[in-house]
Amino acid sequence: MTTSLFCPDAFLSPLEIDVVVTRALAEDLGRAGDVTSIATIPEDTPARAIVVAREAGVISGLPLVAAAFQKLAPEIAIAASARDGASVATKTALMTVQGPARAVLAAERVALNLLGRLSGVATATHEFVRRVAGTRTRICCTRKTTPGLRALEKYAVRCGGGFNHRFGLDDAILIKDNHIAVAGGIRAVLERARAAAGHLVKIEIEVDTLDQLHEVLAVGLADAALLDNMDVATMRKAVALVAGKFPLEASGGITLDTIAEIANTGVDYASSGWITHSAPNLDVALDIEM
């Protein structure tokens, strides 16, 4: 697979690509394969097809498209005219696929499903990023991802110009309201977290009110604070209160309509679950050219 398909600023593991594509093809082909193509198309029939973006957007997922076709027929030739992370116009040709017709048709839906899904995430992220241009705020995703596709969707976020939050529960400590409640309060939960954390592990704590933020500052053990569902006026007060002592992240109910105002409060990060769990798919298609 050519490396030129990948977004230049975002890594996606070939192992992850192989796992996802293999699983998706197995789901679609089932036990008997593409019975329609087998019944109607002679085995040695060649095909040439163009992968097209039917609407404007930011592309992500082309390496998976290539992998889906070449998994079924390694001899399929791939010629890309775009790469992940590219902003494209309506009706842009993204890739030419040439090889056995049965394999091209059998992999079509898996390839388009993955490309449309990831390009939708990249496009949504790009729109958030566009609306915070000129501010210090970075757009981040969350763990609200499609089960089994987290690494891919987080890659798509990076293709769209965003940044990744935690990949899972194991790469940072994020203390939420329920942790605080069970542990017995902000001081108790921060002291326990700091005692357990390695020297490279960051600790972020969620706060709902300025009083809680005051307490976090007084304890002095957090590396960042998440401002959960705060209104804009309260966020501004939080930014002034912290005064750069540690990063602040806005989260909860962040939309395209509110992100610009939120960014103008001076928060360092804004995390949105919408860009992965609700972003609409980008409309992509495969057009056969015999």
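**Labels and their grounds**

Author: Ala243 counts as exposed because its relative accessibility is 54%, where exposed means over 50% relative accessible area, buried under 20% and partly exposed in between (1.4 Å probe, protein chains only). The model is predicted: local features need pLDDT of at least 70, side-chain atom pairs count only at pLDDT 80 or more, and totals for chains, interfaces and linings use all residues. Residues are numbered from 1 along each chain as its sequence is written, and side-chain values use heavy atoms, with hydrogens and water left out.

Reader: What is the phi of Ala243, and where is Ala243 found?

Author: Ala243 is not a glycine, yet its phi is positive, at about 50°. Ala243 is found in the loop between helix H9 (232–242) and strand E10 (248–251); helices (H or I, at least four residues) and strands (E, at least two) are DSSP runs, numbered from the N terminus. Most residues other than glycine have a negative phi.

Reader: Why is Lys91 called exposed?

Author: Lys91 has 71% relative accessibility, and therefore counts as exposed. Lys91 is in the loop between strand E4 (87–88) and strand E5 (92–100), and its phi is positive, near 70°.

Reader: How many disulfides does a search of the whole structure find?

Author: The search finds zero, a disulfide being a pair of cysteine sulfur atoms within 2.5 Å. For Cys140, the nearest cysteine sulfur is that of Cys141, 6.8 Å away, and Cys140 is in no disulfide.

Reader: Why is Cys141 called buried?

Author: Cys141 has 0% relative accessibility, so it counts as buried. Cys140, at 4%, also counts as buried.
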